[in-house]
Amino acid sequence: GDCPAFATVSVDPDQTPAKRAAPVAPDPDSLPDPVAVVDPDRFTVRLSGIGGTGVVTVSQVLGTAGMLDGFHVRGLDQTGLSQKAGPVTSDVRLSRDEPTASNHANAAGIDCMLAFDLLAAASDSHREGAAPGRTVVVGSVEIVPTGEMVTDPNTKQYPGIDRLRRRLDDVSRPEANRYLDSAAIARGLFGSTTTANVLTLGAAVQAGAVPIRPASVERAIELNGVAVDKNIAAFRFGRQWAVDPERVQRAARIDVPRTETLDELIDRLAADLSDYQNAR
């Protein structure tokens with residue numbers, strides 16, 4: 001047969017693209033201290049994403065950082081029997097006074113939802129426990145089609161990002177929610193999306209939705225021992241995004257639309273009105 005396993009790939013060494021210099025991560029001392037927007041002494045984080053992208057790894061990093069920060073930590077990973085590329089959720093509950101009664105958020109309520117994948121996070125089961133006026137969503141807007149969408153052309157198309165955001169905003173605090181394209185930023189900075197979830201965590205920590213000291217998170221990343229430098233850099237860039245998103249997007253070579261000033265808006269509307277009157 002013509003099996004791809006027997007294909008040979010030859011690389012011309014003269015055509016090998018030059019490696020891009022690694023981005024310089026922001027100095028953590030240059031970033032302001034995060035200000036908590038949830039209860040800093042007792043809070044629950046739900047991590048929703050796709051199997052195989054490091055959801056459980058980030059939950060373990062978060063739990064370790066919480067313990068380093070003096071919290072009691074309880075967690076629950078719901079990965080199913082075979083969740084590679086399927087929806088995965090992890091609950092991490094942190095408290096300073098005493099351990100929580102349960103390791104599952106559910107009716108206990110979610111203070112922060114880390115929506116690594118909006119389609120998974122916006123599902124009914126993942127939204128359970130989120131509440132208006134309480135939950136803060138920090139999510140990535142990357143579009144990742146499901147396996148069924150890829151293999152079956154008759155499957156419904158991916159829902160619009162705006163629709164998914166509305167489903168999450170309906171059960172949270174829209175004024176405090178933050179949405180970023182973590183995958184595009186990670187790809188622009190590091191050449192791959194493997195650190196996207198850690199970058200999202202950095203944005204959530206800096207936004208005060210996950211009130212753990214940034215230094216504790218970085219130490220937990222060190223203890224995890226995998227791609228330490230790159231993950232710490234991604235975490236710091238995520239923190240910087242929460243403070244200055246345009247600066248991070250420029251570093252990632254993502255086009256940033258310039259915001260129209262009020263004077264420019266007035267001039268444009270006046271010109272449109274003049275054109276309309278002249279055309280009558």
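Predicted model: local features only at pLDDT ≥ 70, side-chain atom pairs only at ≥ 80, totals over all residues.

Student: Ok, rings. How many aromatic pairs are there in the whole structure?

Tutor: The search finds two. Rings of Phe, Tyr and Trp (its six-membered ring) pair if their centres lie within 6.5 Å; planes under 30 degrees apart are stacked, over 60 edge-to-face, and the rest tilted. F43 and F71 form an edge-to-face pair, 5.5 Å centre to centre with 85° between the planes.

Student: Where do F43 and F71 lie?

Tutor: F43 is in strand 1 and F71 in the loop between helix 1 and strand 2 (72-78), so the pair ties together parts 28 residues apart in sequence. Helices (H or I, at least four residues) and strands (E, at least two) are DSSP runs, numbered from the N terminus.

Student: Are F43 and F71 buried or exposed?

Tutor: Both F43 and F71 are buried. Buried means under 20% relative accessible area, exposed over 50%, and partly exposed in between (1.4 Å probe, protein chains only).

Student: And what about F190 and F237?

Tutor: Their ring centres are 6.2 Å apart and their planes at 75°, so that pair is edge-to-face. F190 belongs to helix 6 (residues 182-190) and F237 to helix 9, so the pair ties together parts 47 residues apart in sequence. F190 and F237 are buried.

Student: Back to F71. What sits over its ring?

Tutor: The charged end of R96 does, 3.8 Å from the ring centre. The rule is that NZ of Lys or CZ of Arg is within 6 Å of the ring centre and within 35 degrees of the ring normal.

Student: What else does R96 touch?

Tutor: D69 is in contact with R96, and also with I212, R213 and S216, leaving aside neighbours within four places in sequence. Contact means heavy atoms within 4.5 Å. D69 is in the loop between helix 1 and strand 2, and at 11% relative accessibility D69 counts as buried.

Student: Now the second largest pocket. What is its volume?

Tutor: About 290 Å³. On a 1 Å grid over the protein atoms alone, a pocket is an open set of points where a 1.4 Å probe fits, with protein on both sides within 12 Å along at least five of seven lines; lining residues have an atom within 4 Å of a point. Grid points are joined across faces, edges and corners, and the volume is the space filled by probe spheres set on them.

Student: Which residues lie nearest its centre?

Tutor: T57, T194, V198, V226 and N231, out of 16 lining residues. Helix 1 (55-68), helix 7 (196-206), helix 8 (214-224) and helix 9 (228-243) each supply at least two residues of the lining.

Student: What about N231 itself, buried or exposed?

Tutor: N231 is buried, with a relative accessible area of 13%. N231 lies in helix 9, and beyond its neighbours within four places in sequence N231 is in contact with T195, V198, I221 and V226.

Key
Residues numbered from 1 in each chain as written. Heavy atoms only, no water.
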